[in-house]
Structures are given as C-alpha cells and as structure tokens.
Amino acid sequence: MRVLLMGANGYLGRFVAERLLADPAVQLTALGRGDDADVRFDLATGSPGALTRFLDAVHPGVVINCAGATRGGARELTRHNTVAAATVCEALRRSGCGARLVQIGCGAEYGPSQPGSSTAEDAVPRPGGPYGVSKLAATELVLGSGLDVVVLRVFSPAGPGTPAGSPLGRLAEAMRRAMQSGDGELKLAGLGIQRDFVDVRDVARAVHAASLSAAQGVINIGSGRAVRLRDAAGILARVAGYGGALHELDGPPGPLRGALGHPRAEADHTSPAAFPYPDGCGSWQQADVRTARDRLGWRPRINLEESLADIWMEAACRI
C-alpha cells in the first residue's frame with residue numbers, strides 16, 4: 001500500500017510515520033515543510049496543481065493529512081489548517097490516483113460540553129476559539145469534497161514529544177525548575193480543567209487502522225475518560241519523585257498533599273504558574289469513543305501515567 005503522509009515532521013506526524021514504517025506492507029512517502037521530508041511542500045502556500053502532479057507521479061492509495069498549526073492568530077490558523085485542507089481536497093479531485101484521505105481533526109471542533117457528559121460524533125460542533133473554528137472548517141471541507149474521507153477527531157494528545165508550550169509540557173517544565181532549585185512548594189493555576197488525554201502512540205495506531213479501513217465520516221479518538229489537570233499534576237509529581245507540595249491557586253484552599261509529600265520550610269516558590277487551555281473547550285471535555293471501537297477495532301492501550309512518565313523523562317533531560 002502506497003501512503004503519502006503530510007505533516008510527517010509534526011508532533012503527531014512523527015509517530016504516525018514511525019507506525020507506518022513498522023508495517024512491511026506500507027510504502028511511505030513523507031511530505032512536509034522540513035528538510036527531513038522526502039518531498040518539501042507547504043500546503044498553506046503551495047498550489048493544488050503542483051500537488052496534483054505529485055499525486056499523479058506517486059499514485060498513493062492513501063493520503064494522511066497530519067499537517068496544521070495549533071497556535072497563532074486567526075489568519076495563520078486558517079491558512080495552515082483550512083486552506084491547507086482545501087488544497088489537499090482540490091489536488092485529490094484533480095488527480096487520477098483515487099486515494100483515500102485520512103484527515104486529522106481535533107476535539108476542539110466541538111467546543112465546550114456539559115460537565116459529566118461524553119461527546120459523540122453526532123454532537124453539534126460549537127468551537128470556542130479560532131483554532132477549533134479553523135479545524136472545523138477543514139473537516140467540513142473534506143467531508144463535502146465527495147472524496148473517500150475519514151476524519152479522526154483527536155482529543156488531547158499526550159506522551160513523548162509533547163510540546164513544551166502545551167499545558168502538560170508547561171506543567172512538567174515548572175516541576176523541573178522547582179526540583180532543580182530545591183523549591184518545596186509549587187503554586188499552580190488552572191488545575192480545575194478536565195480533558196480527555198490520549199497517548200500520541202495510540203493516536204498513531206488509530207491513524208494506521210483508519211488507513212486500512214473503509215470507515216468514512218467523523219470518528220473520535222480519545223481515552224473516553226476526562227482527567228482533571230490537578231490529578232495529572234499529582235501523577236506527574238509521583239513519577240518525577242517531587243516531594244514538595246502543590247498549591248492550587250484557583251481551587252480549594254491549602255496545599256495538595258497526600259502522595260506529594262509536605263513542603264520544605266526553607267523553600268518558597270512564590271511565582272504562580274498558569275496552565276490555560278487555549279482550545280476554547282471550557283472546563284470539561286470527554287470523548288465518546290465507541291465509534292472508534294466499532295468501526296476501527298481500536299481502543300487506547302497506553303495509560304496516562306505512562307504518557308506523563310515519558311513527558312517527564314524528556315523534561316528531566318533538561319536539568
């Protein structure tokens with residue numbers, strides 16, 4: 001099976017590439033903006049005609065679009081998420097390759113949801129920020145293209161390679177600095193947010209499964225369980241061996257102790273670290289993942305503790 005992977009040098013794309021390269025039945029070509037791609041092409045600025053000529057030359061059976069941007073202004077997000085998807089669709093329509101398209105969407109397309117609820121694929125999307133809007137527009141474009149398309153709405157990816165600027169990455173960096181300086185107290189804000197974390201390697205498995213399946217439409221990819229960020233912080237402290245106390249600035253008064261230990265009197269970490277989620281999804285998000293189970297035969301395998309241990313391992317290497 002010939003597969004063209006777009007965005008192969010991105011956070012998700014690297015793990016998708018690794019998963020596909022492990023399949024001896026897959027012949028992979030990587031397309032991206034970086035020098036390490038097999039073919040350099042920028043979907044945000046490249047023409048559909050140029051991409052069509054490449055598709056006709058390679059003739060892939062599956063095209064996977066992991067390209068995109070998670071940060072930036074509305075114009076940049078629209079260019080890298082929405083315009084890029086439109087370029088892919090137009091090139092596939094013009095090409096004679098007849099490839100199946102696997103588009104990577106995101107949970108931010110749904111926007112805020114009711115606490116305690118699980119969001120299924122038939123929920124009406126109401127994105128709460130420009131990122132979710134740009135990704136939803138991309139989803140609508142590919143679904144309306146008339147192509148053989150499946151969209152994987154990935155919720156909150158975690159694990160190795162997690163960007164340092166993401167909430168979990170910033171949490172690990174704050175803990176690393178506290179341990180490096182001997183601070184016995186870490187003040188954190190924004191820990192009441194609850195998100196559905198799914199390991200990036202499980203996401204790669206889902207992309208691989210979707211490439212081989214005949215499933216179409218939207219499929220949620222998540223763990224199916226919302227986790228409060230303060231609980232993730234507690235797990236991270238345990239795997240890191242941080243013996244200090246976590247003070248939650250926007251939660252119940254007093255330090256969060258238990259497995260975290262007690263603060264050392266001689267240290268005082270006075271600068272609060274805030275971890276806002278810029279996805280526009282409010283305080284709660286949890287995926288209904290039954291469709292992925294039923295149509296892809298996919299279930300998440302890697303638990304959050306393992307994901308956080310890998311995030312911490314990378315952060316600790318900076319000490």
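**A walk from the sheet to the pocket**

Start at strand β4, where Val 62 and Ile 64 point one way while Val 63 and Asn 65 point the other. These four residues of β4 are buried. In a regular strand, side chains alternate between the two faces of the sheet. Keep in mind that this is a predicted model.

Now step back to the sheet around β4. It is open and has 7 strands, in the order β3-β2-β1-β4-β5-β6-β11. The pairing is parallel. Which strands stand at the edges? They are β3 (39-40) and β11 (217-221). Each has a single partner strand, so one side of each is left without a neighbour in the sheet.

Next, look at the pairs. Strands of a sheet pair through backbone hydrogen bonds, either parallel or antiparallel. Strand β1, residues 2-6, pairs with β2 in the parallel sense over 5 bridges. β1 also pairs with β4, again in the parallel sense, over 4 bridges. Leu 4 shows both links. In β2, Leu 4 stands opposite Thr 29. In β4, the bridge partner of Leu 4 is Val 63. Move on across the sheet, and β4 pairs with β5 in the parallel sense over 4 bridges. Here Ile 64 has Val 102 of β5 as its bridge partner.

The largest nonpolar core has 33 residues, and Ile 64, Leu 152 and Ile 221 touch the most other members. What does Leu 152 contact, leaving aside neighbours within four places in sequence? The list includes Val 102, Ile 104, Cys 106, Ala 206, Val 207, Ile 219, Ile 221 and Leu 296. Another core lies apart from the largest one. It has 29 residues, among them Leu 43, Leu 51, Val 58 and Val 218.

Take His 80 in helix α3, residues 74-94. Buried or exposed? His 80 is buried, because its relative accessible area is 11% and the cut-off for buried is under 20%. Beyond four places in sequence, His 80 is in contact with Arg 33, Asp 42, Ala 44, Gly 68 and Ala 69.

Compare His 59, in the loop between α2 (48-58) and β4 (62-65). His 59 counts as partly exposed, at 41% relative accessibility. It is not a glycine, yet its phi is positive, at about 55°.

Pro 130 sits in helix α4, residues 130-143. Its relative accessibility is 48%, so Pro 130 counts as partly exposed. Leaving aside neighbours within four places, Pro 130 is in contact with Ala 74 and Leu 77. The C-alpha atoms of Pro 130 and Ala 22 are separated by 36 Å, and the two residues are 108 residues apart along the chain.

Last, turn to empty space. Rolling a probe the size of a water molecule over the atoms shows where such space is left. The largest pocket holds about 1000 Å³. It is lined by 44 residues, and the closest to its centre are Tyr 11, Ala 69, Thr 70, Tyr 131 and Pro 157. Which elements supply at least two residues each to this lining? They are α1 (11-21), β2 (27-32), α3, β5 (100-106), α4, β7 (156-158) and α5 (167-181). The lining divides into 24 nonpolar, 15 polar and 5 charged residues.

Terms used. Residues are numbered from 1 along each chain as its sequence is written. This is a predicted model: local features need pLDDT of at least 70, side-chain atom pairs count only at pLDDT 80 or more; totals for chains, interfaces and linings use all residues. Side-chain values use heavy atoms; hydrogens and water are left out. A nonpolar core is a set of buried Ala, Val, Leu, Ile, Met, Phe, Trp, Tyr and Cys residues joined through side-chain atoms within 4.5 Å. Buried means under 20% relative accessible area, exposed over 50%, partly exposed in between (1.4 Å probe, protein chains only). Contact means heavy atoms within 4.5 Å. On a 1 Å grid over the protein atoms alone, a cavity is a set of points where a 1.4 Å probe fits but cannot get out, and a pocket is an open set with protein on both sides within 12 Å along at least five of seven lines; lining residues have an atom within 4 Å of a point. Grid points are joined across faces, edges and corners, and a volume is the space filled by probe spheres set on the points. Ala, Val, Leu, Ile, Met, Phe, Trp, Tyr, Cys and Pro count as nonpolar, Asp, Glu, Lys and Arg as charged, and the others, Gly among them, as polar. Two strands pair if DSSP finds at least two bridges between them.
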